[in-house]
Amino acid sequence: MNYHFLALFLLFTTVLRAQEPAADRIQQHIEKLASDRMKGRGTGSRENAKAAAYIARYFKKYGLKPLGGDGYYQHFTAKVRRVVVPDSVRKAANVIGFLDNGADHTIVIGAHYDHLGLGNQGSSLAENPQGQIHNGADDNASGVAGLLELAQYYARNDVKEPYNLLFMAFGAEELGLLGSRHFLNHPTLPLDRLNFMICMDMIGRYNPERGVGIGGYGTADAWPEVFRGVTAGIKFFTDRAGNGGSDNAAFYAKQIPVLFFHTGGHPDYHKPGDDPEKIDAKAEAEILKLEIRLIDNAMKLPKMIFTPVK
Ligand SMILES: [Zn+2]
């Protein structure tokens, strides 16, 4: 093999091999989704649809099978309830891609991609929200970046895992978990085949004093075994409750075990200042590596049995 051939060979193998979650790609995804051009990805907006198309493009690039009903898209109608606005009834969609390993059961990995748009849908915490771009870098471009990185990793790692993986970007979470609830009431694969759900919502503002919170630890007896001996490049703690915070609550209500990753609140929460330059992408990469370790451990075990948390 001459030198040029070797260089070409190395180039091809590195291009196609799965890569560990990386800060530069995370930052790129977040800058794209949370730029001013995306106008806060409010449900029903053109920019919200552009965000969905961005996600679908990566699902396709990574070779995921479309499982939305209309390709990767699962359309539904979302209603704004908290405030009276002329466009209360809005078009929304989940984006759904499937990594089919031919297994009996499936692990769900999810993050919502909508945010508050221009502050006209009732949950902004800004003093005069109307007309201001709520970029939602942490909430939840960070979770979508995590979703895409995990899809990239599992789709390209040349391992046929003992579970299938369902990657879902939810619409209309900010209007009350509407996308995840829509999926659970109109599932595109049988719910009794789901093992557990991993939810990422706001994982971009790592605070080394607090650490990453992982909710849902009490939703299956198997979680302590999954976590046993697992270490990470960031600090983390577990919390038994699984029925609050984000789309994981909708899965919990259907008696599906969950884990919910969250780096905690901050002064920019639901305000126009939730911007990409405040994201700690390096820490997010470490959070995603921790998620991979946990998912890989969980895949060594049989399908989990849900336990309610009192
Ligand atoms: Zn959120």
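1. Start just after α4, where D158 has a positive phi of about 60°. The model is predicted. D158 sits in the loop between α4 and β5. Is D158 buried or exposed? With a relative accessibility of 76%, D158 is exposed, because the cut-off for that class is over 50%.

2. K39 also deserves a check. Its phi is near 45°, positive in a residue other than glycine. K39 belongs to the loop between α2 (23–33) and α3 (46–61). The relative accessible area of K39 is 39%, so this residue counts as partly exposed. For context, most residues other than glycine have a negative phi, and most peptide bonds are trans.

3. Which residues does a cis peptide bond join? They are D139 and N140, with omega at about 5°. N140 is part of helix α4.

4. Next, the nonpolar cores. In soluble globular proteins, nonpolar side chains tend to be buried together. The largest core here holds 66 residues. Within it, the most contacts belong to F59, V95, I109, Y113, Y154, F167 and F261. Leaving aside residues up to four places away in sequence, F167 touches F59, L64, V95, I96, G97, L99, I109, L147, L150, A151 and Y154. Another core lies apart from the largest one and has 18 residues, including I96, C199, F251 and V258.

5. Helix α5 spans residues 178–185 and contains H182. This helix is mostly covered: six of its eight residues are buried. They are L178, G179, S180, H182, F183 and L184. The cover over these buried residues includes β2 (73–79), β3 (89–99), β5 (164–170) and α7 (248–253).

6. Why does H182 count as buried? Its relative accessibility is 18%, and the class requires under 20%. Beyond residues up to four places away in sequence, H182 touches Q74, H75 and F76.

7. Now the pockets. Rolling a probe the size of a water molecule over the atoms shows where empty space is left. The largest pocket has a volume of about 320 Å³. Its lining has 25 residues, and D201, G244, G245, F260 and H262 lie nearest the centre. By class, that lining has seven nonpolar, 11 polar and seven charged residues.

8. Which strands each supply at least two residues of this lining? They are β7 (212–215), β8 (236–239) and β9 (258–262). β7 gives the most, with three residues.

9. The second largest pocket holds about 210 Å³ of space. It is lined by 16 residues, and S45, R90, G117, L118 and N120 are the closest to its centre. Its lining divides into four nonpolar, eight polar and four charged residues.

Notes. Residues are numbered from 1 along each chain as its sequence is written. This is a predicted model: local features need pLDDT of at least 70, side-chain atom pairs count only at pLDDT 80 or more; totals for chains, interfaces and linings use all residues. Side-chain values use heavy atoms; hydrogens and water are left out. On a 1 Å grid over the protein atoms alone, a cavity is a set of points where a 1.4 Å probe fits but cannot get out, and a pocket is an open set with protein on both sides within 12 Å along at least five of seven lines; lining residues have an atom within 4 Å of a point. Grid points are joined across faces, edges and corners, and a volume is the space filled by probe spheres set on the points. Helices (H or I, at least four residues) and strands (E, at least two) are DSSP runs, numbered from the N terminus. Ala, Val, Leu, Ile, Met, Phe, Trp, Tyr, Cys and Pro count as nonpolar, Asp, Glu, Lys and Arg as charged, and the others, Gly among them, as polar. A nonpolar core is a set of buried Ala, Val, Leu, Ile, Met, Phe, Trp, Tyr and Cys residues joined through side-chain atoms within 4.5 Å. Buried means under 20% relative accessible area, exposed over 50%, partly exposed in between (1.4 Å probe, protein chains only). Contact means heavy atoms within 4.5 Å.
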